[in-house]
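Reader: Before I use any of the labels attached to this model, I would like to see how each one was reached. Please take me through them.

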Amino acid sequence: MAKNKNTVVTADGYHVPVLLKESVDGMNIQANDICVDVTFGGGGHSREILSRLGSDGHLYVFDQDEDAIHNITDDKRQTFIRSNFCFLKTFLKYHNVTEVNSVLADLGVSSHHFDDSERGFSFRFEEGDLDMRMNQKSNLTAAKILNEYAEEDIANVLYLYGELKPSRQIAAAIARQRKEKPFEKVKDLLAILAPYAKGVKEKKILAQAFQALRIEVNQEMQTLKDMLTQALSVLTPGGRLSVITYHSLEDRLVKNFFKTGNFEGEVDKDFYGNVNTPFVLVNNRVITPSPEEQDANPRSRSAKLRIAEKK
């Protein structure tokens, strides 16, 4: 779901983790804990978690992108699992783990991906392929969506995941264009978006369109729901779930789930009027990067951290 694991690219070619201290502090790590980082990426959060674990503690890390393998550190207390985090419970069970003390999720796309001209995540690289897959083994690409989805389905993707008001007009233009020439490169999509992305809102419109396609390619909303549900299942009572989001769609899911135990935000109360929820909110107000972090890392500006503890 999805990952603006929006970060600054560093000398190691990956990134600087966002809200590092705040998110790991929120996990309330004890020396012998079993922890999970479901969005390993460049390993920044994982290294901080390991620094707080003792010799008998253990960290399980997930990432479906093969590039992340290069960031694994040689530490016997860490197990790397190359998989989408929607299979959290399955792979923990494979490793004979039924309960964990904390789970960290830093959602979004890393700068490593935004700055890779060949992966198609950014509108900055016109010659890039319309790919956008986090998992290179997946069959669904942005090009496949543009070339094969029904016009109405493309409109829905752009509206629901990109919140683009002219979604139907853009979808109609895409349907007309693909009859002449299939979509292959980023520049093909940019040509369609050009009439709608003008003036001061140009970059915003482009970002919304690319976000929408990326979310659909990687099924980010559904995998986020699956991960959160499974995280609740494997957390021990008193265990913590620390989640960093980067856009309103995923933040709304996390907020609703923490407050009500469901993704629709439907409140169920007991006889005394207390809300039935499996969590206690650790931070009632969302945590955002400090002005200093935002200045050092502009891509962190949209980050929101929510932490909850299982009852």
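**How the labels were reached**

Author: Helix H9, residues 202-218, has 17 residues and spans 25 Å from its first C-alpha to its last, close to the 24 Å expected at 1.5 Å a residue. The model is a predicted one.

Reader: What makes H9 largely enclosed by the rest of the structure?

Author: Of the 17 residues of H9, 13 are buried, so the helix is largely enclosed by the rest of the structure. H9 is followed by Gln219, with a positive phi near 50°.

Reader: How do you know what span to expect of helix H10?

Author: The expected span is 1.5 Å times one less than the number of residues. H10, residues 220-234, has 15 residues, and the expected value is 21 Å. From first C-alpha to last, H10 reaches 21 Å, close to that expectation. Among the buried residues of H10 are Glu220, Met221, Leu224, Met227 and Leu228.

Reader: Why is the pair of Phe257 and Phe263 called stacked?

Author: Two rings pair if their centres lie within 6.5 Å, and planes under 30 degrees apart count as stacked. The rings of Phe257 and Phe263 are 4.9 Å apart centre to centre, with 10° between the planes. Phe257 has a relative accessible area of 3% and Phe263 one of 16%. Buried means under 20%, so Phe257 is buried, and so is Phe263.

Reader: Why is the pair of Phe258 and Phe279 called tilted?

Author: The ring centres of Phe258 and Phe279 are 5.2 Å apart, and their planes stand at 55°. Stacked needs under 30 degrees and edge-to-face over 60, and the rest count as tilted.

Reader: Which residues line the second largest cavity, and what makes it a cavity?

Author: A cavity is a set of points where a 1.4 Å probe fits but cannot get out. The second largest cavity has a volume of about 50 Å³. Its lining is made up of Lys255, Phe258, Lys259, Leu281, Asn283, Asn284, Arg306 and Ile307. Helix H11 (248-260) and strand S7 (304-310) are the elements that give two or more residues to this lining. The largest share, three residues, comes from H11. By type, the lining residues are three nonpolar, two polar and three charged.

Reader: Which element gives the most to the lining of the second largest pocket?

Author: H11 gives the most, with four residues. The second largest pocket has a volume of about 230 Å³. Its lining includes Leu160, Tyr161, Glu216, Gln219, Met221, Arg252 and Phe263. Helix H6 (151-162), H10 and H11 are the elements that give two or more residues to it. The lining residues divide into six nonpolar, three polar and three charged.

Reader: Why is Gln78 called buried?

Author: Gln78 is at 11% relative accessibility, and buried means under 20%, so Gln78 counts as buried. Gln78 is found in strand S3 (residues 78-81). Leaving aside neighbours within four places in sequence, its contacts include Phe40, Leu50, His58, Val61 and Ile72.

Reader: Is Gln64 buried or exposed?

Author: Gln64 has a relative accessible area of 16%, under the 20% cut-off, so Gln64 is buried. Gln64 is found in the loop between strand S2 (58-62) and S3.

Reader: Why does Asn28 count as partly exposed?

Author: Partly exposed lies between the 20% limit for buried and the 50% limit for exposed. Asn28 is at 39%, so Asn28 counts as partly exposed. Asn28 is found in the loop between helix H1 (20-25) and strand S1 (34-37). Phi of Asn28 is positive, near 55°.

Methods:
Residues numbered from 1 in each chain as written. Predicted model: local features only at pLDDT ≥ 70, side-chain atom pairs only at ≥ 80, totals over all residues. Heavy atoms only, no water. 1 Å grid on protein atoms, 1.4 Å probe; cavity = no way out; pocket = protein on both sides within 12 Å on 5 of 7 lines; lining within 4 Å. Points joined across faces, edges and corners; volume = space filled by probe spheres on them. Nonpolar A, V, L, I, M, F, W, Y, C, P; charged D, E, K, R; others polar. Phe/Tyr/Trp six-rings, centres within 6.5 Å; stacked < 30°, edge-to-face > 60°. Buried < 20%, exposed > 50% of the residue type's maximum accessible area, 1.4 Å probe, protein only. Contact = heavy atoms within 4.5 Å.
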